[in-house]
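This report describes helix packing, charged pairs and aromatic pairs in a protein model. The sequence and structure are shown first.

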Amino acid sequence: TFYGKVLADPLLEPLFGAMAQEHPQRVAWCLGEVFGGPDTYTEQRGGHRHLIQQHMNRHLTEQQRARWVSLLMETADEIGFPSDPEFRAAFVSYIEWGSRIALAVSQPGVEIPEDLDPMPHWDWIVKPS
């Protein structure tokens, strides 16, 4: 659902138009791992360092980052993500944090540190029932 919106968006389609067919699944693995699920992204793709490297030299703009976040939040509502305020705050926090890192490392000449693993883990104070 989300990547359908991304591909239909004139600001984001140039970034994602040629994405691998597996890209949405890989993002799902990453988000699952960040929020306490299995370490599938790390096992299959190499962890946080690999994730960061995928954004290097992509020359993302703040407008593209903000649109990506906006479409993701819109999709979360559309597909029925929990509306629990603690969960939503944690989810938004990670998406904002991660997208700003992606923006920063996408700029020319950025070098990433060697010690980026393990994958970060996000939690929330009161888990939804």
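Contact is taken here to mean heavy atoms within 4.5 Å. The model is predicted, so local features need pLDDT of at least 70 and side-chain atom pairs count only at pLDDT 80 or more, while totals for chains, interfaces and linings use all residues. Residues are numbered from 1 along each chain as its sequence is written, and side-chain values use heavy atoms, with hydrogens and water left out.

**Helix α7**

Helices are DSSP runs (H or I, at least four residues), numbered from the N terminus. Helix α7 has 21 residues. From first C-alpha to last it reaches 30 Å, close to the expected 30 Å, where the expected span is 1.5 Å times one less than the number of residues. At the start of α7, a side-chain oxygen of aspartate 84 comes to within 3.0 Å of the backbone nitrogen of glutamate 86.

Burial is judged by relative accessible area: buried means under 20%, exposed over 50%, and partly exposed in between (1.4 Å probe, protein chains only). The buried residues of α7 include Phe87, Phe91, Tyr94, Ile95, Ala102 and Leu103. Among the elements that cover the buried residues of α7 are α3 (23–34), α5 (48–53) and α6.

**Salt bridges**

Side chains of opposite charge can pair when their charged atoms come close. A salt bridge is counted when a side-chain nitrogen of Lys or Arg lies within 4 Å of a carboxyl oxygen of Asp or Glu. By this rule there are eight salt bridges; the table gives some of them.

| Glutamate 22 | Arginine 26 | 3.6 Å |

Aspartate 9 is buried at 9% relative accessible area, whereas arginine 67 is partly exposed at 33%.

In the pair of glutamate 22 and arginine 26, glutamate 22 is partly exposed at 41%, and arginine 26 is partly exposed at 21%.

Arginine 65 is buried at 7%, and glutamate 96 is partly exposed at 22%. Both belong to a network of salt bridges that links Glu62, Arg65, Glu96 and Arg100.

Rings of Phe, Tyr and Trp (its six-membered ring) pair if their centres lie within 6.5 Å; planes under 30 degrees apart count as stacked, over 60 as edge-to-face and the rest as tilted. This rule gives twelve aromatic pairs. Phenylalanine 2 and tryptophan 68 form an edge-to-face pair, 5.6 Å centre to centre with 85° between the planes. That pair links helix α1, which holds phenylalanine 2, to helix α6, which holds tryptophan 68, across 66 residues. Phenylalanine 2 is buried at 8%, and tryptophan 68 is buried at 18%. Elsewhere, ring pairs link Phe35, Phe81, Phe87, Phe91, Tyr94, Trp97 and Trp122 into a cluster.

Threonine 75 is found in helix α6 (residues 62–79) and is buried at 3% relative accessibility. Leaving aside residues up to four places away in sequence, threonine 75 touches Thr1, Phe2 and Lys5.

Definitions and conventions:
Helices (H or I, at least four residues) and strands (E, at least two) are DSSP runs, numbered from the N terminus. A polar contact is a pair of N or O atoms within 3.5 Å; within protein, one must be able to donate a hydrogen and the other to accept it, and residues adjacent in sequence count only if both atoms are side-chain atoms.
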